[in-house]
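Open the structure in your viewer and keep the selection tool at hand. We will go stop by stop.

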Amino acid sequence: MRAESDAENAAGGGATKANGTPVAPVVPAAPGAPGAPAAPGTAAGAEPAARSRRFPSITRDTARPEGSGRAVPGAVSTPARQWPMLSVLTATAVGLLATAFGHPRVGCLAIGVALIAASVMRRVLPSVGMLAVRSRFTDMITYGLLGVAITLLALVMAAPKPWLPIPFMESAVRFTVR
């Protein structure tokens, strides 16, 4: 049946969605006569099985991006649906404001923690809206490494005194800046 519907779609006889993806024809369920045996694989009086939501094995179109889903159902306003991305952007904006007002260490820490939180949210939450840019693994690694690097740089920042002293840091800075 699959080969027949593929051949029919290829010949232009089948129904298609607006993007050109073929749609399997819907066959109405024939009411069974009382006492007649049910079709194989179905119980008597049961509805026909729903179509699978999985992608077909051979795609003819671009798959939707992983981040295209919403973090909250569609009945909620847009800012509430995108709360993971908005929380990361808000924490980053707070960090940039702190840096602009003369507190660079606190600002960099806020930005680093925001990126680490983005990495954790990307791992833990099933749907993060626009925070999902690439695959889940790549997003986690990218956000996590950037967050840890920025946080460590903020902690070892030499102005005026580092919160996390690293013994070789002073000689490394002198060697590179000379």
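This is a predicted model: local features need pLDDT of at least 70, side-chain atom pairs count only at pLDDT 80 or more; totals for chains, interfaces and linings use all residues.

**Stop 1: the salt bridges.** How many salt bridges does a search of the whole structure find? The count is two. Select Arg122 and Asp139. Their closest N and O atoms are 2.8 Å apart. Arginine 122 sits in helix α4 and aspartate 139 in helix α5, so this pair ties together parts 17 residues apart in sequence. Both residues are buried.

Keep the three selected: Arg122, Arg134 and Asp139 are linked in a network of salt bridges.

**Stop 2: the nonpolar patch.** Switch to a surface view. Select Ile116, Val120, Val124, Val148, Leu152 and Leu164. They form a nonpolar patch with about 470 Å² of accessible area together. Which helix gives the most to this patch? Helix α4 does, with three residues. Helices α4 (104–124) and α5 each supply at least two.

Pick out Val124, which lies in helix α4. Valine 124 counts as exposed because its relative accessibility is 59%, and the cut-off is over 50%.

**Stop 3: threonine 151.** Go to helix α5 (residues 136–156) and select Thr151 there. Threonine 151 is buried, with a relative accessible area of 13%. Show its contacts beyond four places in sequence: Leu109, Gly112, Val113 and Ile116. Ile116 is also one of the patch residues from the previous stop.

Terms used. Residues are numbered from 1 along each chain as its sequence is written. Side-chain values use heavy atoms; hydrogens and water are left out. Helices (H or I, at least four residues) and strands (E, at least two) are DSSP runs, numbered from the N terminus. Buried means under 20% relative accessible area, exposed over 50%, partly exposed in between (1.4 Å probe, protein chains only). Contact means heavy atoms within 4.5 Å. Patches are made of residues with over 30% relative accessible area and no salt bridge: like charges are joined within 9 Å, nonpolar side chains (Val, Leu, Ile, Met, Phe, Trp, Tyr) within 5 Å. Accessible areas come from the Shrake-Rupley method with a 1.4 Å probe; for residues, only the protein chains shown count as cover. A salt bridge is a side-chain nitrogen of Lys or Arg within 4 Å of a carboxyl oxygen of Asp or Glu.
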